[in-house]
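Biologist: I am new to this structure and would like a close look at a single part of it. Please take me through that part in one connected answer.

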Amino acid sequence: MWEFILHPWPWWFSGLAISATMFALVFFGRTFGFSSNLRTLCAMAAPRNSAYANVNWRNELWNLVFLVGALIGGYLAHTFLNDGSSVAIAQTTISDLAELGFADPSTSSSGVQPDELFSWENALSLKGFMLLAVAGFLVGFGTRYAGGCTSGHAISGLSDLQLPSLVAVIGFFTGGLIMTHLLFPLIF
Amino acid sequence: MRFLKYLLVGIFFGILMAKSEAFSWYRIQEMFRFQAFHMYGIIGTAVVLGAIGVFAIKKLGLRDIHGEPIVFCPKDRGFARYFIGGSLFGLGWALGGACPGPIVVTIGYGVLPMIIVFAFALVGTYVYGLVRNRLPH
């Protein structure tokens, strides 16, 4: 059992666990949607921004607590549930990424995120900082524009067979495929 | 104390994002290159189980822990906001390799430069609020 928890989880168990997360929140009378937290934080920090002036952020505090939990969960996974393995992606992906200048995940210091983007040295270079800033900006802008992210649309929305969520997920992939296949060769 | 349950579910979510490797930039690249089943298996399993569960909740008229009927709010109608907003999100998702949940989990995991991505996600959210009346929805 402990061995199972310690190693990377198989896809079916991971999917089951995401589903369990969603239904736990549903039975608490809430909705599984992580990016609402970005709106809540904006409403708290900038109450005069018209888009967020009507957000009663006190009603959303539960989701910020969920966010803090996710932060702690990441820490616990790294500190106590770590078998030291790096992400075992497909050999074809490793070769493709090598052509763009990304080293094998096994050589990455975290084992899960590439140092080429997420080491302090690269993140604080001009180009590296710009890339992380643009990525974050697009995630924040896009997720509010689309009214949800992977949890709100791809999981909650598709589970409820919502057509707008299907359109949003098609958008997620349109953007993701353009970035990966058309823009990555120009950027890296 | 009423918030404790959200903290616990959040911790579970954080562990699950890390142990499933769904928070990894490498896994997102593998997904967008269609080179492994892993991410599709995760999302597919969650959606299939989710759809069965939502159907059952509606069919049986189940209630939440406060005794209130569970209702699922339909999303607002529209196309442009979902497709354009979704595409912009997708560009950022592939570049940074993380959507909002995994961004936070990655920071907890100790990859601290991801804080830059989180900070600019807040900037993006704020700017959307400034310009949204001029955007097609």
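Biologist: The part I have in mind is chain B. What share of the contacts in chain B with a separation of 6 or more comes from residues 24 or more positions apart?

Modeller: This is a predicted model, and what follows should be read with that in mind. In chain B, residues 24 or more positions apart account for 44% of the contacts with a separation of 6 or more. The chain has 137 residues, and 55% of them are buried. Its secondary structure consists of 6 helices and 0 strands, so the pattern along the sequence reads α-α-α-α-α-α. The C-alpha trace of chain B spans about 45 × 40 × 40 Å along its principal axes.

B:Glu21 sits in the loop between α1 and α2 of chain B, and its phi is near 65°, a positive value in a residue other than glycine. B:Phe34 belongs to the loop between α2 and α3 of chain B; its phi is positive too, at about 55°, although the residue is not a glycine. B:Phe34 has 14 other C-beta atoms within 10 Å, so it counts as partly exposed.

Chain B also touches chain A. That contact takes 101 residues from chain B and 108 residues from chain A. On the chain B side, the elements that give two or more residues are α1 (4–19), α2 (25–32), α3 (38–60), α4 (80–96), α5 (100–108) and α6 (114–131). The residues on this side divide into 60 nonpolar, 28 polar and 13 charged.

Chain A has 10 helices and 0 strands. Of its 188 residues, 47% are buried. Its C-alpha atoms fill a box of roughly 45 × 45 × 30 Å, taken along the principal axes. In chain A, residues 24 or more positions apart account for 44% of the contacts with a separation of 6 or more.

One helix pair shows how the chains meet. The axes of α4 of chain A (residues 61–79) and α5(B) come within 6 Å and cross at roughly 45°. From α4(A), the residues involved are A:Leu67, A:Ala70, A:Leu71, A:Ile72, A:Gly73, A:Gly74 and A:Tyr75, and they meet B:Gly101, B:Val104, B:Val105, B:Thr106, B:Ile107 and B:Gly108 in α5(B). The residues of this contact divide into 8 nonpolar, 5 polar and no charged.

The last item is the nonpolar core. In soluble globular proteins, nonpolar side chains tend to be buried together. Here the largest nonpolar core has 88 residues, and those that touch the most other members are A:Leu138, A:Ile155, B:Phe89, B:Ile103 and B:Val117. Leaving aside its neighbours within four places in sequence, B:Val117 is in contact with B:Gly96, B:Ala98 and B:Ile103 from chain B, and with A:Leu132, A:Ala135 and A:Gly136 from chain A. B:Ile103, one of these partners, is also among the core residues that touch the most other members.

Note on methods. Residues numbered from 1 in each chain as written. Chains lettered and ligands numbered in written order. Predicted model: local features only at pLDDT ≥ 70, side-chain atom pairs only at ≥ 80, totals over all residues. Core = buried A, V, L, I, M, F, W, Y, C linked by C-beta atoms within 7 Å. Buried ≥ 20, exposed ≤ 12 C-beta atoms within 10 Å, placed from the backbone. Contact = placed C-beta atoms within 7 Å. Helix = DSSP H or I, 4+ residues; strand = E, 2+ residues; numbered from the N terminus. Nonpolar A, V, L, I, M, F, W, Y, C, P; charged D, E, K, R; others polar. Axes fitted to C-alpha atoms, helices over the stretch in contact; angles between N-to-C directions.
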